[in-house]
Amino acid sequence: MNAALIALAGQPNCGKSTLFNLLTGARQHVANYPGVTVDKMTGWLRLGGETLEVVDLPGTYSLSAFSAEERVSRDFVLQQRPQVLVNVIDASNLRRSLYLTLQLLEVTPALLVNLNMMDVAQQRGIAPDPQRLSQLLGVPVVTSSWRSGRGKAELLQAVQGLMGQDPPLRTRPVDYGPLEGVIAELLPALALLPQAASEGSSAALHRYLALKLLEADEPVARQLGATPAGAALVAQARQLAVAFETAQGCSVGEHLAHCRYQRAQQLVDLCQLRRPAQRCLSDRVDDLVCHRLMGPLLLVAVIWLLYYLSIVQGYRLTQYTWPLLAGLRSVIEGFLPAPGFVEVPLTRAFVLWFVDSVNALLNYIPVFFILFGLIALLEDSGYMPRMAFIMDRLLHRFGLHGQSTLPLVLGGVYVGGCAVPAVMSCKGIPDERARLATILTIPLLNCLAKVPLYVLLINIYFAAHKGVAMFFIATISFLLVLPIAKLLSLTVLRHKPAAPFVMEMPPYHLPTLRAVLGRALERVWLFVRKITTIVAAVAVVLFVLLQFPALAPERHQHYQSRQQQMEKRFYRALTGTPYAAAVQEPGKTLELVLLAEGYAADRLRMGDATAVAALNAALRQQQPVLFDLLQPENAAAKKAARALKKLLKERKALLRDLRAEQINNSLLGQLGQALEPLTAAAGFNWRVNVALLSAFAAKESSVATLGALYLPQEDNETLEQRMAQGEEGFTALHALALMLFMVLYPPCLATAMAVKLQTGSLGWMLFSLGYPMVLGLLVASLVFTGGSLLGLTGLQAMIAFYLLALLITTVVGLIGRSSLSS
């Protein structure tokens with residue numbers, strides 16, 4: 001038996017999602033409605049011994065069919081027919097909220113109105129009368145303040161009461177005046193249509209369908225016009241609509257909206273009292289936050305503070321996480337087949353490659369946790385819509401739309417976004433030209449996947465100027481996106497249609513610690529999941545490409561000869577000591593080397609003298625010869641210890657040379673080298689090329705690949721130390737060119753598929769992959785080659801490029817909006 005169905009409907013920022021979380025807790029499921037990318041939030045509630053299914057419908061201002069959210073909400077109410085539909089409305093903005101309520105009354109009798117945000121209304125001097133509103137609407141009305149948890153018991157009691165009765169039909173919640181006669185002409189024919197009967201046989205629903213036909217609602221007209229009788233009815237409705245518009249001087253849609261707003265205002269006048277009150281805190285704060293001059297300055301300050309706390313300060317926490325990850329690697333290493341003096345078993349090589357690839361990214365978890373927590377603070381406080389308001393004045397000048405703000409934020413206006421949900425969120429932008437411009441430029445923003453490479457390069461090459469470098473990388477992408485969006489709007493998107501921007505300002509709220517931490521943990525977990533899936537898969541593919549073709553037999557013989565020479569030198573150095581005979585036993589030298597390396601790794605992991613003493617005692621008992629060499633106490637032991645230390649150093653150099661030649665000779669190495677003539681002007685060598693090639697699947701793989709390409713010379717070396725030592729000719733100018741190329745890097749495969757889904761075009765997907773590659777290579781070459789010719793340091797080139805980008809963006813923004821018209 002199916003559970004009773006409860007649906008929550010309401011306009012954006014009314015507290016509907018807070019109510020959903022309050023009712024369902026952890027018993028939630030997130031999916032997508034069929035055929036659209038709108039989230040489907042489903043949860044379960046125990047009430048009166050019965051399990052109820054609760055569905056959180058997308059936030060929508062009306063039940064028209066202009067957006068996916070509106071279509072989903074309308075179709076769900078009509079087709080699923082929930083036992084109770086809870087309409088959550090903002091008590092501080094009753095007139096606007098009642099517009100949707102009146103439409104819901106036209107499609108379902110099982111309505112429960114929830115007057116939420118009563119605390120905000122009180123602060124604004126507004127006192128709605130719930131009893132009076134209930135009488136006027138003919139439905140139950142309960143009050144609440146969900147952010148403070150007030151009103152849950154009353155709402156559940158009202159839900160339970162509605163489920164046990166058959167609510168009366170309200171066929172005319174709004175009187176449409178001269179349109180009522182037109183509606184009446186359509187009702188008899190509608191009642192005879194099988195398609196209308198499938199939606200329900202009530203007079204209220206027939207009236208609603210008549211309204212939709214008169215509005216020329218395409219989905220309804222298509223459904224009802226499937227038969228000859230239905231097609232005749234659709235044609236009759238269009239004729240009646242044209243006659244009405246001619247007589248009244250306005251469209252049916254405009255007349256319906258006017259009547260609904262007029263009725264909403266009548267309800268407000270009858271049930272709402274307003275008392276003198278001081279301006280609320282939100283209004284006073286907005287005087288500063290939304291100020292024409294101070295607002296943008298505050299926005300820049302917020303972004304800078306966000307990155308200073310998360311990137312600069314958060315990176316310091318990696319000093320504690322890296323030893324833990326290195327310790328984990330050592331533990332895993334202990335379970336793997338032991339290496340030879342030169343040869344490494346394939347299983348051991350693969351597992352350690354995999355661990356190094358993943359560890360290179362897991363080390364940045366503290367940075368991301370702080371970053372996501374701070375972003376959650378901005379979202380929950382109500383600052384995000386203010387940011388959209390501030391940026392709308394700017395975005396229109398570059399062919400974008402005010403509703404492009406959310407996708408841009410998700411994509412990485414704040415460093416740490418993700419292009420996939422950002423592209424998917426573009427579906428709500430009504431301006432087709434701006435929607436496509438937003439989709440095509442989102443991959444150029446600073447998504448989460450790019451951040452590890454930025455942090456790596458900044459900590460190596462801009463260590464003395466981390467704050468400046470992070471501010472540069474955090475804002476330069478937006479300075480590049482704006483003129484590129486304008487260029488796209490003036491060229492390939494010139495003939496696409498446009499639409500206006502509408503957005504509301506919700507009141508400010510004090511974020512809760514639980515919500516902020518929960519959001520941060522959720523996003524970090526998504527990052528970890530991506531590492532262990534996409535990045536891990538890329539690591540496996542790269543490992544295979546780096547193993548083939550194998551080195552020629554003569555090259556293996558070369559390294560074996562070097563090994564034999566090293567061992568002979570070691571034996572000669574031990575001549576005349578008590579240890580000479582012991583180390584020359586078969587396999588004893590290798591055993592000695594591996595034990596010495598294991599002892600050094602164990603010492604690094606131990607933080608106190610007691611643990612070290614215990615380790616030494618165990619070693620003295622189990623390996624007395626090795627202990628004498630590692631803790632020499634006489635002249636002979638010291639001589640042998642020096643010889644062992646030299647042998648260990650020579651072996652590491654031998655392994656590095658062998659690995660470097662193997663990578664050079666591999667398929668991936670050959671491809672990276674083949675690209676060097678193309679990337680030389682940008683300063684990229686073959687190792688950088690290989691890392692960038694791996695980023696096509698997922699940009700995080702660039703750092704993971706570098707982490708595996710630069711082998712450690714000493715135990716527990718960080719990737720920063722290994723890359724700095726492995727690229728002696730690499731300068732801050734190289735790093736700047738590489739960061740800018742990553743800014744303009746083509747979308748990853750997942751984002752490319754999202755572009756295909758949102759645009760419905762393979763051509764746009766290929767375009768989104770092609771133009772950033774060309775643009776990125778040109779910009780990186782300009783910076784590196786130009787900076788080299790001018791003798792600029794990395795920091796000087798960074799400042800010069802930023803000023804140039806700012807100048808170009810300003811000039812492009814001054815091009816009149818009229819140039820964007822079709």
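Among contacts in the chain between residues at least 6 apart in sequence, what percentage join residues at least 24 apart? The share is 76%, where contact means heavy atoms within 4.5 Å.

## The model as a whole

This is a predicted model, in which local features need pLDDT of at least 70 and side-chain atom pairs count only at pLDDT 80 or more, while totals for chains, interfaces and linings use all residues. Residues are numbered from 1 along each chain as its sequence is written, and side-chain values use heavy atoms, with hydrogens and water left out.

The chain has 822 residues, of which 52% are buried; buried stands for under 20% relative accessible area, exposed for over 50%, and partly exposed for what lies in between, with a 1.4 Å probe and protein chains only. Its secondary structure comes to 39 helices and nine strands, these being DSSP runs numbered from the N terminus (helices are H or I with at least four residues, strands E with at least two).

## Helix H1 and its buried face

Helix H1 spans residues 16–24, and its buried residues are Lys-16, Leu-19, Phe-20, Leu-23 and Thr-24. Seen down the axis of H1, these buried residues fall within an arc of 110°, so they line one face of the helix; the arc is that of the directions from the helix axis to the C-beta atoms. An α-helix has 3.6 residues a turn, so residues three or four places apart point the same way. After H1 comes Gly-25, with a positive phi near 60°.

## Two helix pairs

The axes of helix H7 (residues 179–192) and helix H11 (residues 228–248) come within 11 Å and cross at roughly 175°, the axes being lines fitted to C-alpha atoms, for helices over the stretch in contact, with angles from 0 to 180 degrees between N-to-C directions. H7 is therefore roughly antiparallel to H11 (under 35 degrees counts as roughly parallel, over 145 as roughly antiparallel, 65 to 115 as roughly perpendicular, and the rest as oblique). Among the residues making this contact are Leu-186 and Leu-190 of H7 and Leu-240 and Phe-244 of H11, and the contact residues divide into nine nonpolar, one polar and one charged.

Helix H23 (residues 466–490) and helix H36 (residues 732–743) have axes that come within 10 Å and cross at roughly 50°, and the two are therefore oblique to each other. The contact involves Phe-472, Ile-473, Ile-476, Ser-477 and Leu-480 of H23, together with Leu-736, Met-739, Leu-740 and Val-743 of H36; eight of these residues are nonpolar, one is polar and none is charged.

Helix H23 also holds Ala-485, which counts as buried at 0% relative accessibility. Setting aside residues up to four places away in sequence, Ala-485 touches Phe-398, Leu-400, Ala-437 and Thr-441.

## Backbone features in loops

Most residues other than glycine have a negative phi, and most peptide bonds are trans. Arg-81, in the loop between helix H2 (68–80) and strand S5 (84–90), has a positive phi of about 45° although it is not a glycine, and Arg-81 is partly exposed, with a relative accessible area of 46%. Met-117, in the loop between strand S6 (111–116) and helix H4 (118–123), has a positive phi near 60°, and Met-117 counts as buried at 6% relative accessibility.

The peptide bond from Phe-548 to Pro-549 is cis, with omega near -5°, and Pro-549 is found in the loop between helix H24 (513–547) and helix H25 (553–573).

Note on methods:
Nonpolar A, V, L, I, M, F, W, Y, C, P; charged D, E, K, R; others polar.
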